[in-house]
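Here is a quick walk through one structure, from an annotated site to the contact between chains. Have a look at it first, then read on.

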2 protein chains.
Amino acid sequence: MAEVKSDIEIARAASKKPILEVGAGLGIGPEHLLPYGHDKAKISAEFIAAQRGKPDGKLILVTAINPTPAGEGKTTTTVGLGDGLNRIGKKAIVCIREASLGPCFGVKGGAAGGGYAQVVPMEDINLHFTGDFHAITSAHNLLAALIDNHIYWGNEQNIDVRRIAWRRVMDMNDRALREIVCSLGGVANGYPRETGFDITVASEVMAILCLSSDLADLEERLGNIIVGYRRDKSPVFARDLKAHRPMAVLLKDAMQPNLVQTLENNPAFVHGGPFANIAHGCNSVIATTTALKLADYVVTEAGFGADLGAEKFFDIKCRKAGLKPDAAVIVATVRALKMNGGVKKDDLGRENLDAVQKGFANLARHIENVKTFGVPVIVAINHFISDTDAEIAAVQSFAASHGVEAVLCRHWAEGSAGIETLAHKVVELAESGQAQFSPLYPDGMSLFSKIETIAHSIYRAGEVTADKAVRDQLRVWEEQGYGHLPICMAKTQYSFSTDPNLRGAPEGHVVTIREVRLSAGAGFVVVITGEIMTMPGLPKVPSSEKIFLNEQGYIEGLF
Amino acid sequence: MAEVKSDIEIARAASKKPILEVGAGLGIGPEHLLPYGHDKAKISAEFIAAQRGKPDGKLILVTAINPTPAGEGKTTTTVGLGDGLNRIGKKAIVCIREASLGPCFGVKGGAAGGGYAQVVPMEDINLHFTGDFHAITSAHNLLAALIDNHIYWGNEQNIDVRRIAWRRVMDMNDRALREIVCSLGGVANGYPRETGFDITVASEVMAILCLSSDLADLEERLGNIIVGYRRDKSPVFARDLKAHRPMAVLLKDAMQPNLVQTLENNPAFVHGGPFANIAHGCNSVIATTTALKLADYVVTEAGFGADLGAEKFFDIKCRKAGLKPDAAVIVATVRALKMNGGVKKDDLGRENLDAVQKGFANLARHIENVKTFGVPVIVAINHFISDTDAEIAAVQSFAASHGVEAVLCRHWAEGSAGIETLAHKVVELAESGQAQFSPLYPDGMSLFSKIETIAHSIYRAGEVTADKAVRDQLRVWEEQGYGHLPICMAKTQYSFSTDPNLRGAPEGHVVTIREVRLSAGAGFVVVITGEIMTMPGLPKVPSSEKIFLNEQGYIEGLF
């Protein structure tokens with residue numbers, strides 16, 4: 001067997017096409033591609049506007065079982081499936097999220113796929129890329145500076161300094177900034193108050209950018225951001241501080257989707273990357289809708305497991321953007337099923353059919369849930385070397401008993417050749433006309449009932465509890481005209497329940513709502529059911545210690 | 001008379017050449033130009049390395065009298081002179097600093113020149129440009145996160161939490177961040193302590209990037225940053241926290257000079273932008289040294305007036321990079337001379353020969369000072385519509401009496417056609433062989449004597465005073481091996497003295513050293529003589545309120 005190469009070695013050995021050529025393959029002329037180096041480009045707003053009214057390709061969602069430390073390979077499968085579809089003669093575009101720079105120096109590596117299913121240039125994608133996240137950081141922090149500046153110069157809007165809802169952001173894992181007191185040092189520096197920083201991907205500006213259809217929509221949504229409240233509890237909007245227009249200026253280029261390529265030179269849009277807990281966790285609407293105009297097939301992914309990611313993809317992104325997915329792929333690995341079945345990470349190497357069977361309950365639940373949305377499902381078994389034939393056969397027979405095919409995929413090791421079968425099956429499914437997409441709940445339902453609907457239908461909770469304060473807050477928002485908004489659940493990604501240790505397919509559990517937040521610009525109500533960390537910390541030995549420039553000037557250690 | 005167009009209108013109407021063509025004109029092949037859009041590009045490290053050993057062109061410094069609210073037009077004159085030299089058949093490159101994004105939303109407009117002497121694309125240059133400042137922000141804040149993380153996980157280096165010298169940075173005018181308490185909120189967030197944010201241009205990482213000869217030098221200097229001290233007062237370096245290598249990774253692209261063009265399609269390198277008070281205020285060494293290999297003439301500028309900017313250009317940048325300037329242009333305007341002569345801003349429109357004469361003392365002093373460095377001088381009178389013939393004649397005759405020519409320049413209104421005379425005179429001066437550059441003081445002089453030398457020779461101070469603590473600190477640094485470093489004075493830019501209201505040419509004043517700081521990575525000792533603001537605030541009505549995207553998607557209000 002050949003030596004196993006690292007992701008970065010594979011990526012560096014890639015034979016990349018000039019990005020203008022990749023764009024030309026999609027019918028995008030060079031005048032509509034803003035190059036960033038020779039291997040990245042942004043697509044012009046004019047080109048995107050000119051696609052309106054053209055027919056859409058098929059939309060395929062890649063989602064997964066509940067994540068485990070064993071890894072599922074959702075992005076890898078998304079990229080692999082895109083390559084697989086191109087291999088079998090379909091024009092396919094992959095749409096994935098951009099990577100957050102901060103975590104690259106913490107514990108995880110990049111977010112550009114893996115093995116022979118990657119998007120390149122992976123170093124750039126994992127670092128500054130085309131600067132989108134930096135632009136979001138700037139726009140977010142401009143608003144923050146304008147808030148404190150407004151108060152400093154007399155506070156004409158009468159913002160209640162105790163009720164400022166807008167923090168600052170930085171694209172860095174920096175726990176020291178989670179909670180701070182700012183404006184210390186006397187008269188010249190303003191009024192001291194408690195505040196803090198979140199990581200950039202948790203910014204509402206990120207969610208807004210990812211849900212906006214164009215720059216005008218972006219500016220409108222930025223204006224709708226609630227930055228805080230007056231003493232009479234009336235909201236103060238970003239537009240009250242005249243912040244939305246310069247924020248849109250800062251985001252002008254960031255709003256345009258980024259075109260890169262897979263290792264097999266197929267087009268990939270890598271654009272936007274909102275948090276999957278306090279935000280909806282999908283790549284940008286503008287990237288997905290543009291891709292649909294240019295390709296037969298668009299393969300995209302959602303964050304975390306299907307209980308969070310797919311639900312939000314359907315109920316927030318698809319609902320808001322009018323998208324109608326044609327099929328969903330649920331990614332599972334034998335290892336992750338075994339972990340969901342109770343096996344510890346160190347014991348994953350041993351065949352354990354019993355654990356696979358137990359873990360399958362988790363997959364079965366996700367299959368059922370996705371079908372609830374009227375989207376036909378197929379399972380991708382992302383192959384690991386340690387998987388035994390018996391284990392794979394077990395997954396396939398379990399799936400069959402649930403009326404779903406489970407296809408073994410070897411794209412990590414073999415690229416598109418290893419995922420051809422899945423590609424054919426996905427085409428069959430998407431072209432079968434089975435899809436009858438509809439969101440889980442109607443816009444008109446009350447906010448609390450929407451939460452209950454998600455908790456009962458998707459999480460199989462027995463009960464949803466919330467303090468009076470939370471229920472009152474939801475009612476106030478309904479009175480203020482926010483009742484039509486969808487819900488964005490912030491829940492642990494490790495379980496259907498709110499207890500990260502409850503693997504498998506728990507039911508009858510209690511979902512307790514700790515807090516609700518209104519993202520009035522993005523257009524959803526965030527419902528928080530556990531400890532949600534919006535600013536990660538660095539581990540004792542951060543990955544940064546292994547990241548360096550080698551003597552040839554190449555970046556090492558990014559994975 | 002034709003209607004006067006705004007800078008942004010002129011810039012938008014520019015007929016830009018594709019940047020690859022501009023690069024080709026300098027002999028840079030497309031494989032060595034990393035495009036950012038069609039009008040900006042970075043020059044590859046390989047190309048730069050390959051220029052070593054080639055002969056250098058002539059280096060022209062553009063500096064100015066002490067700045068006043070009337071404006072002098074130093075960048076405008078730098079750009080204009082570059083165009084003028086190209087117009088008279090010399091191959092010339094303009095080397096200027098990048099603009100800081102934060103202040104664009106505060107009080108000032110951009111920093112890309114003005115009128116018909118601008119570099120374009122001015123909107124990009126004034127906003128995110130090629131992301132260099134964002135990269136510097138990230139690298140700086142990675143180090144900050146690693147410091148608090150190191151302490152959080154046990155503080156193996158025994159950093160004295162009271163003696164952390166490294167703050168955080170943001171490219172935003174945000175006074176609320178000047179002084180903060182971080183790490184609040186309990187065990188999970190670390191050890192609360194006082195700290196704060198500076199604006200990105202004040203980061204030592206910025207100064208380091210601008211003084212580094214290549215990536216290896218950059219990494220070495222980053223490692224030399226002192227992040228704080230132990231209880232025994234021994235310094236803790238960035239390399240002790242293994243921070244310098246990932247920081248260099250973040251700065252890999254930022255280290256490469258940016259190529260853009262003037263309105264007349266001549267090449268301009270816009271790269272780096274360190275503060276001119278706590279840092280040296282010049283564009284990057286790598287841009288200047290590369291430009292010298294590619295052009296007959298390189299026109300560059302220094303920050304503030306010649307007392308600060310030119311002195312640092314000579315004593316820090318030229319000394320460290322081995323540059324030998326061939327001539328210096330001192331920019332003056334009749335209006336600014338009148339303000340230096342005591343006239344108020346509102347009265348500048350009236351002819352006032354007496355005030356011009358009084359203000360001339362300021363110019364005369366700068367002429368004399370620059371000559372001290374062995375660099376021949378010429379004066380550029382940057383023409384304003386309100387200037388009278390008599391006032392201009394007065395400046396010219398004053399200059400002549402000091403053995404210097406003063407040339408009237410109309411580049412703002414006329415582009416290169418308006419500055420041809422200056423271009424010819426500069427060529428004469430540079431080719432006269434008069435230049436005998438040497439820095440003001442030798443490396444071996446004691447740190448305090450270096451400070452005294454600057455204060456006496458350049459500021460004409462009578463005395464330099466400093467507390468025992470300051471003198472002791474300087475001696476400790478000498479013992480630690482930092483005695484050879486040059487001095488970086490942080491003083492008001494409005495006066496030769498430390499009193500911003502003392503215009504003209506004061507002498508015999510006292511320079512009081514309030515504080516000294518060691519920028520061990522950049523390689524200089526910062527000497528602070530007054531209130532130095534390293535994080536600006538926003539005014540009551542920030543410029544941001546006028547900045548927006550118009551219906552065609554163009555940015556308005558940036559000037």
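This is a predicted model: local features need pLDDT of at least 70, side-chain atom pairs count only at pLDDT 80 or more; totals for chains, interfaces and linings use all residues.

Let's start with what the record says: an unreviewed UniProt entry lists a "binding site" made up of A:Thr68, A:Pro69, A:Ala70, A:Gly71, A:Glu72, A:Gly73, A:Lys74 and A:Thr75.

Is A:Lys74 buried or exposed? It counts as buried because its relative accessibility is 13%, under the 20% cut-off. Leaving aside residues up to four places away in sequence, A:Lys74 touches A:Val62, A:Thr63 and A:Ala64, along with A:Glu301, A:Ala302, A:Gly303, A:Phe304 and A:Val331.

A:Thr75 is buried too, at a relative accessible area of 18%. With the sequence neighbours up to four places away set aside again, A:Thr75 touches A:Ile96, A:Ala111, A:Ala112, A:Gly113 and A:Glu301. So A:Glu301 turns up in both contact lists, that of A:Lys74 and that of A:Thr75.

## Helix H7

Helix H7 of chain A runs over residues 132-152, 21 residues in total. From first C-alpha to last, H7 reaches 30 Å, close to the 30 Å expected at 1.5 Å a residue. H7(A) is largely enclosed by the rest of the structure, because 20 of its 21 residues are buried. Just after H7(A) comes A:Gly154, with a positive phi of about 125°.

## Cysteines

How many disulfides does the structure hold? Zero, over all chains. Take A:Cys104: it is in no disulfide, and the nearest cysteine sulfur, that of A:Cys210, is 17 Å away. A:Cys104 is buried, with a relative accessible area of 1%.

A:Cys488 is in no disulfide either; for this residue the nearest cysteine sulfur belongs to A:Cys282, 9.3 Å away. A:Cys488 counts as buried, at 0% relative accessibility.

## Where chains A and B meet

On the chain A side, 60 residues are in contact with 60 residues of chain B. The area buried between the two chains is about 5700 Å², and carbon and sulfur atoms give 65% of that. Of the area that chain A buries against chain B, A:Arg175, A:Val249 and A:Leu549 supply 11%, more than any other three residues.

There are also four salt bridges between chain A and chain B. One example pairs B:Arg168 with A:Asp174, where the closest N and O atoms are 2.8 Å apart.

Notes: Residues are numbered from 1 along each chain as its sequence is written. Chains are lettered from A and ligands numbered from 1 in the order in which they are written. Side-chain values use heavy atoms; hydrogens and water are left out. UniProt positions are given in the numbering used here, feature names are shortened, and annotations may be inferred rather than shown by experiment. Buried means under 20% relative accessible area, exposed over 50%, partly exposed in between (1.4 Å probe, protein chains only). Contact means heavy atoms within 4.5 Å. Helices (H or I, at least four residues) and strands (E, at least two) are DSSP runs, numbered from the N terminus. The expected span of a helix is 1.5 Å times one less than its number of residues. A disulfide is a pair of cysteine sulfur atoms within 2.5 Å. Buried area is the accessible area (1.4 Å probe) that two parts lose on being put together, summed over both. A salt bridge is a side-chain nitrogen of Lys or Arg within 4 Å of a carboxyl oxygen of Asp or Glu.
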